[in-house]
Amino acid sequence: DAPFYKHVPKLPDQNLEWRRALLSRAMGDKGLQRDLLLACRMDLLFWLGSFAWLYEPRTATKIIPFNTYPFQDVALSRLQRILGKENAVIEKSRDLGGTWLVLMLFLWAWLFQENVDFGVVSHDMDACDKTGSKGTLFWKLRAALGKEKGTVGFPSWMTPAFKLNLGTLVNENNGSSILGFAAT
């Protein structure tokens, strides 16, 4: 499932240093960039632990490395395995990262797989995507891409050309998309 993830440090300070060192080594090294892209394509958890960030309003810095817990690793691995093949129900309480996990799984596939299409649904369109509203699904996607103020995106060599409009995210390099819908 995750052949490269074992190399990613889990302790916060060590993980931050890992990320800094990885980005520094990859800067200007096209061969390493190519290898890292391949590792990310093959290993969702490696990609998350090495390059993804999330918004956490309860911390002083607000934007923190996406450093998963073991139960999240299990959930993500299962979701990745059944993606596009089976339905999944996630029973969860608040603040366990369920929304972020699913959005990041979709974003990973959007980045690394060709012609995949995902729909995200909320109770109304304003909850799905409303400019400036940090609680929306698309705000989280924009934040992950570094397109919201104060957020950290992926390195330029990992970020494809894309179109981002209200409720629409299209990867122009591989034809993949994430679209937002209202349930009502």
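Q: Where is Asn-115 found?
A: Start by placing a residue among the helices and strands around it. In this predicted model, Asn-115 is found in the loop that runs between helix H5 (98-112) and strand S3 (117-122). Its phi is near 55°, a positive value in a residue other than glycine.

Q: Is Asn-115 buried or exposed?
A: The cut-off to keep in mind is that exposed means over 50% relative accessible area. Asn-115 has a relative accessible area of 54%, so Asn-115 is exposed.

Q: Which value does phi of Lys-62 take?
A: Phi of Lys-62 is near 70°, again a positive value in a residue other than glycine. Lys-62 lies in the loop between strand S1 (53-55) and strand S2 (63-65). With a relative accessible area of 34%, Lys-62 is partly exposed.

Q: Now for helix packing: at what angle do the axes of helix H1 and helix H3 cross?
A: Here the crossing angle is the thing to read, and 65 to 115 degrees counts as roughly perpendicular. The axes of H1 (residues 12-26) and H3 (residues 44-51) cross at roughly 95° and come within 8 Å, so H1 is roughly perpendicular to H3.

Q: Which residues make the contact between H1 and H3?
A: From H1 come Asn-15, Trp-18, Arg-19, Leu-22 and Leu-23, while H3 brings Phe-46, Leu-48, Gly-49, Ser-50 and Phe-51. By residue class, the contact of H1 with H3 has 6 nonpolar, 3 polar and 1 charged.

Key:
Residues are numbered from 1 along each chain as its sequence is written. This is a predicted model: local features need pLDDT of at least 70, side-chain atom pairs count only at pLDDT 80 or more; totals for chains, interfaces and linings use all residues. Side-chain values use heavy atoms; hydrogens and water are left out. Helices (H or I, at least four residues) and strands (E, at least two) are DSSP runs, numbered from the N terminus. Buried means under 20% relative accessible area, exposed over 50%, partly exposed in between (1.4 Å probe, protein chains only). Axes are lines fitted to C-alpha atoms, for helices over the stretch in contact, and angles run from 0 to 180 degrees between N-to-C directions. Angles under 35 degrees count as roughly parallel, over 145 as roughly antiparallel, 65 to 115 as roughly perpendicular and the rest as oblique. Contact means heavy atoms within 4.5 Å. Ala, Val, Leu, Ile, Met, Phe, Trp, Tyr, Cys and Pro count as nonpolar, Asp, Glu, Lys and Arg as charged, and the others, Gly among them, as polar.
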